[in-house]
Amino acid sequence: MKDEKTLERIQLLHPKLRDEAILLYDEIVKELIGKAICRFSYTLRTFAEQDALYAQGRTKPGAIVTKAKGSQSYHNYGLALDIVLLVDKDGNGTFETASWDTKSDFDGDKKSDWQEVVAIFKRYGWEWGGDWRFVDAPHFQKTFGRSIVDLQTLHKTDKVDKNGFVLI
């Protein structure tokens, strides 16, 4: 089953990633059958939204959820996304329970649903935050070899398209 919110959020990604994200999402939908679906919970995040997240656990209530300020995250350039699995625990087709469980096999195919999603992203050349020293299991990014400093420079020097995406 395709998740409409995910399809909407794919359209917020950098234009160079949108078609690929649709292809890999189609593969994810075919792979996850049964009790869980994959939702892209975050794609593009504005600098202001990133700053607000950075403030959480520092100058605002809540737990720290990011180490990146505005302009310091690949999300800010539409080159990253986060996922969550939505699980239909009662079998009524509503997929009402969010899960970040990287080990469960909700569809009973003897493979972790989360790891099935990771494998698809990796086939398309995306980097997974679960491989980092600072583990961020929901996070995937495709940077086209660009560092954050490269992207900041492109943004500051107005090397952007009509919608504000950096030209890469």
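Start with overall size. The chain has 168 residues, and a compact globule of that length would have a radius of gyration near 15 Å. The chain has 17 Å, which agrees. Keep in mind that this is a predicted model. The C-alpha trace spans about 50 × 35 × 30 Å along its principal axes.

How much of the chain counts as buried? The figure is 42% of the 168 residues. Now look at the contacts with a separation of 6 or more. In the chain, 57% of them join residues 24 or more positions apart.

Next, the elements. The chain contains five helices and five strands. Read from the N terminus, their order is α-α-β-α-β-β-α-β-β-α. Several of these elements come back below.

Turn to the largest pocket. Its volume is about 590 Å³. How many residues line the largest pocket? There are 26, and those nearest its centre are V65, T66, H75, D136 and H139. Which elements each supply at least two residues of this lining? They are β1 (36-42), α3 (47-55), β2 (80-87) and β5 (139-141).

What kinds of residue line the largest cavity? Eight are nonpolar, with no polar and no charged residues among them.

Finish with helix α5, residues 148-156. Which of its residues are buried? They are I148, L151, Q152 and L154. Around the helix axis, these four cover an arc of only 160°, which puts them on the same side of α5. What sits on the face turned away from that buried side? That face carries the exposed residues V149 and K156. Trace the backbone onward from the helix. After α5 comes D158, and the phi of D158 is positive, near 60°.

How values were computed:
Residues numbered from 1 in each chain as written. Predicted model: local features only at pLDDT ≥ 70, side-chain atom pairs only at ≥ 80, totals over all residues. Heavy atoms only, no water. 1 Å grid on protein atoms, 1.4 Å probe; cavity = no way out; pocket = protein on both sides within 12 Å on 5 of 7 lines; lining within 4 Å. Points joined across faces, edges and corners; volume = space filled by probe spheres on them. Buried < 20%, exposed > 50% of the residue type's maximum accessible area, 1.4 Å probe, protein only. Arc of directions from axis to C-beta. Rg over C-alpha atoms; globule rule 2.2 N^0.38 Å. Contact = heavy atoms within 4.5 Å. Nonpolar A, V, L, I, M, F, W, Y, C, P; charged D, E, K, R; others polar.
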